[in-house]
Amino acid sequence: MHHANHFYGHAHVMAAYAGLRGSPRIWGYLQHGWNILDGFAYNTAFVAGMPKFVWSDSVRRRGWSMGLRNHSVIGAPWLYLLQVHPELATPAKDAQGTIFYPFHGWEGQHVLGDHGRIVASINEHEQGPVTVCLYWNEYENQAIRQVYEQAGFRVITHGYRGLHWRKTDKDFLLKQLKEIRRHRRVASNRLSSAVLYGASLGLQPGVYGDPMLLQDEHPSFGGQARIKRMWPEMDQPYVPLELAREFTDTELGVENLAHPAEIREMFHWTTKRAFL
Amino acid sequence: MVGAEMLNWSDLHPGDGRPASGGPATAALLEATLRPTDKVLVAGPHSLHLLDLIASKAATVDVLVRSAPDAEQIARVVSGRVYCGALDRFTGTDLYDVVVALDGLPRLIGPDTPAMAWTDGLALLKARMAPRGRLLLAAENAFGIERLIQPDVTAAVPRNADWPGVVEGALTAPVGLAAIRVALGALAATTTVYSVYPDLVGADLALVTPTGPLTAAAIARSVAARHSGPTLMDPYRLIQDAMAAGLGRELAPVWYFVVGDKAPETLPANVIPSGDGVLLEEQLLAALKLDDQAALRRTVPAYVAWLHSLDAQSAAIASPDNVIADGTSYRLFGSGVVVSGGAVEHLARFVRRAQEAGSRQPWAGDTQTLTARLAAMAGLEVTGELTVALDHLRPQGQAEQLATIARLSQELADANEQATWFESQLDGIRRSRPYRIGHAVLNPARVVVKRLRRL
């Protein structure tokens, strides 16, 4: 239906949870990242009446207020990944330090900001070893990578999220889960999906440093200012675990996990045609 | 014969009117109030069944009816005196321990009585009460719930029973409960008011306090069964919503006034299940209306698990509209429709009822699709055609028809747009270079393969 359904290997994760192989097409639109608006990229061209699969009830309400209908609140694919990989239910034995996610852009929008300032704020707040996880386009950029490497951080990437069904790293999310399990703390310069994922597993979350700017960021999302007004408690270097858990449970839609049979039903994965 | 009797008329066997009053609630009230020493006057058409009951409970029974044929028939059943004629001609002096007028007052007179006010009629009955005598009186609500369910067809096509009387003069009860209480005068002090459903001639339920979700369900069932034909609005949902708004008493089609006596608050007793809880159907409908999908995913699997724990007989009638949910524990409400096919068919029945009641659904789709969705929440897969979904939907009333038309129009428009979009996608693929190259290469290849096979 929409190529964003397959970002980060989400469709693969959902299929594995539903007991299927590969990444069959999903009948509708699957929210691909934590989002403070209707759950989808700005200006997504929806086909009327097609289902929207969103993470949380708050996204459903906002979407409805913007004219979208036919929502199914199913929780984040992240939660389904956890179901598929029970062996990763606990932290790695040698888990330590912090995994830091500098706010990332994508192929169409680059991030504008000074990575050197990010390094400085990491040094200010972190004590243990630090892993910096870059999105692939920043990881490929030697200059950016060096900034973090020279600061003595381990620099990694989870892979390529895919575009138009091509080059999708189907293990993107799994790699992320494995990495998060190797750390005790998760931080970023913006409240983002990665922070939610980490905090949902009990990592001590932190949000600090220059939030940087996204090229041509659309004003309808309200930007960082809106996030800070909505969740001021999440905007601090050490967010209390309890607050973080309440926030991640709501935003990831923990209450809304669907049965594998319901996923098959919703995504139209009940007919053989779906797998051709 | 006391005068002004109706010779060619019967209320027991009406040609073009309503039958005599009866019903389980009426019988229960009489059972609860009559004593073996009572001298009783029954005023107005009451069913032979009720007259039998009264005769068996009281010492003596006298009857006053307007119809001559009825009087003759009743005289064969009742050992007391049977007076035939209009109330205004009923001038004896006998006093009674109990006066029963559970058909109300209007049918105590015929066309020969030009005018008689309700209070005057009441005064005549009151005059027949012995000191410390009791009165069981019914009055119809001029604005009962049925006004919202069906237009008053008698206004357009009056029956013989609806001969036009005189304004304020045909023994019609004052309009509204408050006005009737005022008209009761001194009697009001010792009066208990019952709200009676679904109507005067077939009273299923009489309640002092018509409140609470299980009471609402019992009343809704009764009213829906009575109004099974074309309606303005789904009677079942209308009652549920009116009761939820606390209007069970104001909108009751009939009130019973029990003067100088006491009876159980609910008649018949045990007709409403005891204990807490709400119908599972109400819970599910509320979740669907509010799009509370998490609640649905909690409730549906719990219900299905409970269903599987039941014996076959109970499971067959355990549709959501016949199950009481109290937190996470479930029990049967009462007797229900037998549904074969297990949990999936029960869910299908629920979906169909919800659709026919024009209730909001979070997702587009027909009965089959929505049932499959709910069933999948409990891990059940719908494989075949559902029996409940075979027929076309029949929205309950005109309001629900409008809602259904609006819903289907939207779904049709969406489906059209989807078809256009898919077509444009196909078109894009056909025009794309990879497709054209593939086509150009494969077609000659096919020809080659075919020719090779022929060799």
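Which residues in helix 8 of chain B meet residues in helix 9 of chain B? On the helix 8 side they are Thr215(B), Ala216(B), Ala217(B), Ile219(B), Ala220(B), Arg221(B), Val223(B) and Ala224(B). Their partners in helix 9 of chain B are Pro235(B), Tyr236(B), Ile239(B), Gln240(B) and Met243(B). By class, this contact has 10 nonpolar, 2 polar and 1 charged residues. The model described here is predicted.

**Two helix pairs in chain B**

The axes of helix 8 (residues 213–226) and helix 9 (residues 235–244) of chain B cross at roughly 150°. Angles over 145 degrees count as roughly antiparallel, so helix 8 of chain B is roughly antiparallel to helix 9 of chain B. The crossing of these two helices is right-handed.

Helix 10 (residues 280–289) and helix 11 (residues 293–308) of chain B cross at roughly 155°. That angle makes helix 10 of chain B roughly antiparallel to helix 11 of chain B. Their crossing is left-handed. Helix 10 of chain B contributes Leu280(B), Gln283(B), Leu284(B), Ala287(B) and Leu288(B) to the contact. These meet Ala295(B), Leu296(B), Thr299(B), Val300(B) and Tyr303(B) in helix 11 of chain B. The contact has 8 nonpolar, 2 polar and no charged residues.

| Helix pair (chain B) | Axes come within | Crossing angle |
|---|---|---|
| Helix 8 and helix 9 | 8 Å | roughly 150° |
| Helix 10 and helix 11 | 9 Å | roughly 155° |

**The sheet of chain B**

In chain B, 9 strands form an open sheet with mixed pairing, in the order 3-2-1-4-5-8-6-7-9. Strand 3 (82–84) and strand 9 (266–267) of chain B are the edge strands, each pairing on one side only. Helix 1 (residues 24–33) of chain B packs on the sheet and touches several strands, including strand 4 (96–101) and strand 5 (129–140) of chain B. The direction of helix 1 makes about 170° with that of strand 5 of chain B.

Strand 1 (residues 39–43) and strand 2 (residues 60–65) of chain B run parallel and are joined by 5 bridges. Within this pair, Lys39(B) has Thr60(B) as its bridge partner.

**Strand 6 of chain A**

Strand 6 (residues 130–133) of chain A is covered on both faces. Val130(A) and Val132(A) lie on one side, Thr131(A) and Cys133(A) on the other, and all are buried. Strand 4 (residues 98–101) of chain A runs parallel to strand 6 of chain A, with 3 bridges between them. Ile99(A) stands opposite Thr131(A). Strand 7 (residues 154–156) of chain A also runs parallel to strand 6 of chain A and is joined to it by 3 bridges. Here Cys133(A) stands opposite Ile156(A).

How values were computed: Residues numbered from 1 in each chain as written. Chains lettered and ligands numbered in written order. Predicted model: local features only at pLDDT ≥ 70, side-chain atom pairs only at ≥ 80, totals over all residues. Heavy atoms only, no water. Axes fitted to C-alpha atoms, helices over the stretch in contact; angles between N-to-C directions. Helix = DSSP H or I, 4+ residues; strand = E, 2+ residues; numbered from the N terminus. Parallel < 35°, antiparallel > 145°, perpendicular 65-115°, else oblique. Left-handed = near helix turned anticlockwise from the far one by under 90°. Contact = heavy atoms within 4.5 Å. Nonpolar A, V, L, I, M, F, W, Y, C, P; charged D, E, K, R; others polar. Pairing = 2+ DSSP bridges. Buried < 20%, exposed > 50% of the residue type's maximum accessible area, 1.4 Å probe, protein only.
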